[in-house]
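Me: I have a structure open and would like to go through it piece by piece. Can we start with the terms and then look at the parts?

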Amino acid sequence: MDFIANKEIQVQEMLKTIGVASIEELFCDIPTNLRRIAPAVDDGLSESEGMLLMEELSAKNTFPKFTSYLGGGAYEHHVPALVNAVCSKSEFLTSYTPYQAEASQGMLQAIFEYQSAVCALTGMDVSNASLYDGATACAEAILMALRLVKDRRKIVIARSLHPNYCAVIEQYLSSHDVEIEWISFKEDGSIDQSVALNLIDDQTVAVLLQYPNFFGVLDDVKSIAAKAKAHGALTIVNANPLVYALYASAEEIGADIAIGDTQPLGLPLHFGGPYVGYIACKQEFVRQMPGRIIGETVDSEGKRGFVLTLQAREQHIRREKATSNICTNQALAALASLVAILWYGKRGLKQLALTNYQRACYLKEKLSNLPGVKIMGNEPMFNEFAVKFSGNIEGIYSHFRSQGIEPGIDLGKFYPELAGYILIAVTETKSLEQLDRYVETARTIKASLGFG
Amino acid sequence: MTKTIFEKSQSGQHAFSLPKDNNAFKQYAPPQALLRKTDPPLPEISELDLTRHFCELASRNIGIDNQFYPLGSCTMKLNPRVNEWCAALPGFARTHPLAPEHTVQGNLQVIAELIEMLCAVSGMQAGSLVPCAGAHGEYAGIKMIAAYHKQRNQSQRNEILIPNDAHGTNPASAAMAGFKSISIRTDSSGDIDIEHLKELASDRTACLMLTNPNTLGLFSSKISEISKIIHQHGGLLYYDGANLNAILNVVGPGDMGFDVMHINLHKTFSTPHGGGGPGSGPILCNNKLKEFLPVPRVEKNKEGYHIVWQAESSIGRISAFHGNFGIYLRAYLYAKLHGHYGLRKIAENSVLNANYLKKLIGKLFTIPYPQYCMHEFVVQADTYVDKGVRALDIAKRLLDYGVYAPTIYFPLIIKECMLIEPTEGESKATLDRFVEILSKIVDEIKSDPKIVKEAPHTKPVMRLDEVAAAKSPILKHSTK
């Protein structure tokens, strides 16, 4: 099938107007030796055949049948029904980037509100309209810091930043003359403060930390940020934005640039995307911000309106001198996060965050009471923590999976020194019964592995 | 005056609900010292008011579903609703990016087959769906080119040649990847100035970035010669796939001599633009560059599909997980519905529609390049500059007549440029109506230019003050 309106009768009329006998003539600038022969057989599908195909493919994914405790930068949360209702509206879904402001006031205002919501959560002054994801937001934040803090080349990054994000940063920085120093983590998963403080000096551009870090630990960012400030370096904090509804905001812990991924707010897992990279900063850094920014203004009659602004930073104006190459961003996904943030609202987000925290604490405590279970540490946490069960890791995984549970992320795959540890994420989607079943399954590991 | 949602807040109201709390959970309290000091200044609002707010905003926005949207270079085609149905299937939507590979075989099959299909269309040998947008694909492709030269001890190749009518992302991506961009002139026929290209190509050339058809909507018949010049100098050819719609299954970038390219699935393969994104910008290449493709990759063996997380010569990782899966899933279905047969029809009909419009609009405005165009064409709307009417004014007046404006002032090399792209889906009647509207606007310019200069008159706002917005920026809601 296709979605082409004009059929033979209109095609002939149009060809006549143009003054050619066939469409093929319009391709005359394409050298004939390069031109392909049109396929003779219609190999397309009907809509119903296409739907059947996609249903069959989706049924090959058995993952949704598992009760999953996977997190690590992508979390299973409730997505309010209103989110899809708003995002599927034709006016938002099928519109282009709002270059014609007068015909795009709805989207412009929505993104202005998204920027306001990101600022409300992080405590920062300015947010952009979105980046691709949390990982590219990290890379962009460092490039931004390099423009702000000139004549220095040392970037200090916590090894407890999401390992995939670390890889993306290394990729982006490989074409720049910079040096990365890594802050190690301690056995309990927390950042090694003394290493961090030692690494920051007068050559440091910025320090980048994750809050809570990849192992779920809420590190003491404040003292590191203070040291960075004293040396004229910037502090960049990558965070699950939901954490700011409960714990101190990026501003309160001393961040200059706040980044992360808004996926936990209104976006389904979708195998890793589309998500939204958010980036927010203090007012004085706005001119080095990457990507689009929406601003408020007035029309010729003084009526309030919204426009794309500070465009002199962007690729369509500044070309090779732009602050980033980003053009298409994640606007509709940012709208989804906005709707979710508003649906929860001031009180709801805090309760949602607390619910996550309490359920994670419950599972952590119950597991810690089991013999042979080692909890990575007892540092302050949000909704993730790491544990080690005794036994071989493949056996442990197959035992959980045989009970329909995906128990968490195998940390040994990312950090060889943490082999045996499993990173568990608990959100509001997990009931008491499910959490108890996790504990019960953990209790029976030994028996199933034949050690009992 | 429209209010923001923050200004509609009513103390104590809310929409949310949470799963029932349980006493077993209540005992856990986070450490007091680490808590947030003041609540985030977010609105408090009921679900009804929230729903109405977004209905109001939607009514102040225009999409392809509402109107003809001839925005050049953006390929604003129908976003079929069946795509949206597909992306929402729980079997896809509920898969975690770190799920064990045996539990996501459907996803991996979609990835492998979509790459295969895009390779067939473009004449390439391998690819990756990881880039999240066109510019992200450009960045990945340039990094692959850098890795290729590095492997051959050719790191002195630090220049990228880019025509002066190229998309702004081309030089911006080159800069981000650490390259210097060198601008090539366009000749009077709208093609690359070959003599200038010969002057510029050297052993410092890493690659040439080219859109073909270019941003003037013209296909470069010199493409084989251009390819020869660059390759003779040891450089590579990058294809910006923004204009692929015109040549689907008519000619492949691989057949023209390109080594690496990206495709904007949110243009050619109908995934929605969503008011600015998310898109998807798969990168495709020939065997020369295959080993440098980003990770993760999907491979097939006897047991099924599996994920390759690391590969020795790969440029590495450019996004957190597998890219915008939910977007390229839509493109996969779109490609399956069309088949190679239908994809060819897309190219044919987009080119037919553009040439039909061009012929008719040529009676109203200057057409700088008279030859047949591909899927889009440029109009030089400078005839009425003496009456004070510019391309911007015509664009704004079009909004009053219920059509979206074309792209204006791009490419930068054409005076008072309007870049018009009617996609394959538009009917003859829609195109005829567009010409009638333009003709009416020309009459207005002649009789009453003020009405055009002050347009739009029927939109929620009049012309907006962009200078004021940039001078003293208001970038978020503030209670002050």
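Reply: First, a term: a residue is buried if 20 or more other C-beta atoms lie within 10 Å of its own, exposed if 12 or fewer, and partly exposed in between, with C-beta atoms placed from the backbone. Helices (H or I, at least four residues) and strands (E, at least two) are DSSP runs, numbered from the N terminus. The model is predicted: local features need pLDDT of at least 70, side-chain atom pairs count only at pLDDT 80 or more, and totals for chains, interfaces and linings use all residues. Residues are numbered from 1 along each chain as its sequence is written, while chains are lettered from A and ligands numbered from 1 in the order in which they are written.

Me: switching to helices. how many does chain A have?
Reply: Chain A has 14 helices, along with 15 strands. One of the helices is α5, residues 105-122. In α5(A), 18 of its 18 residues are buried.

Me: what span should α5(A) have, and why?
Reply: The expected span is 1.5 Å times one less than the number of residues. The 18 residues of α5(A) should therefore span 26 Å, and the end C-alpha atoms are 26 Å apart, which agrees. After α5(A) comes A:Gly123, with a positive phi near 80 degrees.

Me: how much of chain A is buried overall?
Reply: Buried residues make up 60% of its 452 residues.

Me: which residues touch the most others in the largest nonpolar core?
Reply: They are A:Cys138, A:Ile142, A:Ile257, A:Leu335 and B:Tyr238, in a core of 311 residues. Helix α11 (residues 331-368) of chain A gives the largest share of this core, 23 residues. A nonpolar core is a set of buried Ala, Val, Leu, Ile, Met, Phe, Trp, Tyr and Cys residues joined through C-beta atoms within 7 Å.

Me: what does B:Tyr238 touch?
Reply: Not counting residues up to four places away in sequence, its contacts include B:Gly141, B:Cys207 and B:Phe258. Two residues are in contact if their C-beta atoms, placed from the backbone, lie within 7 Å.

Me: how many residues of chain A are in contact with chain B?
Reply: 163 residues of chain A are in contact with 165 residues of chain B. On the chain A side, α11(A) gives the largest share, 22 residues.

Me: last one, the three-strand sheet in chain B. what's the order?
Reply: The order is β10-β12-β11, in an open sheet with antiparallel pairing. β10 (377-380) and β11 (407-408) of chain B stand at the edges with a single partner strand each, so one side of each has no neighbour in the sheet. Two bridges join β11(B) to β12(B), residues 417-420, and B:Thr407 has B:Leu419 as its bridge partner.

Conventions: Pairing = 2+ DSSP bridges.
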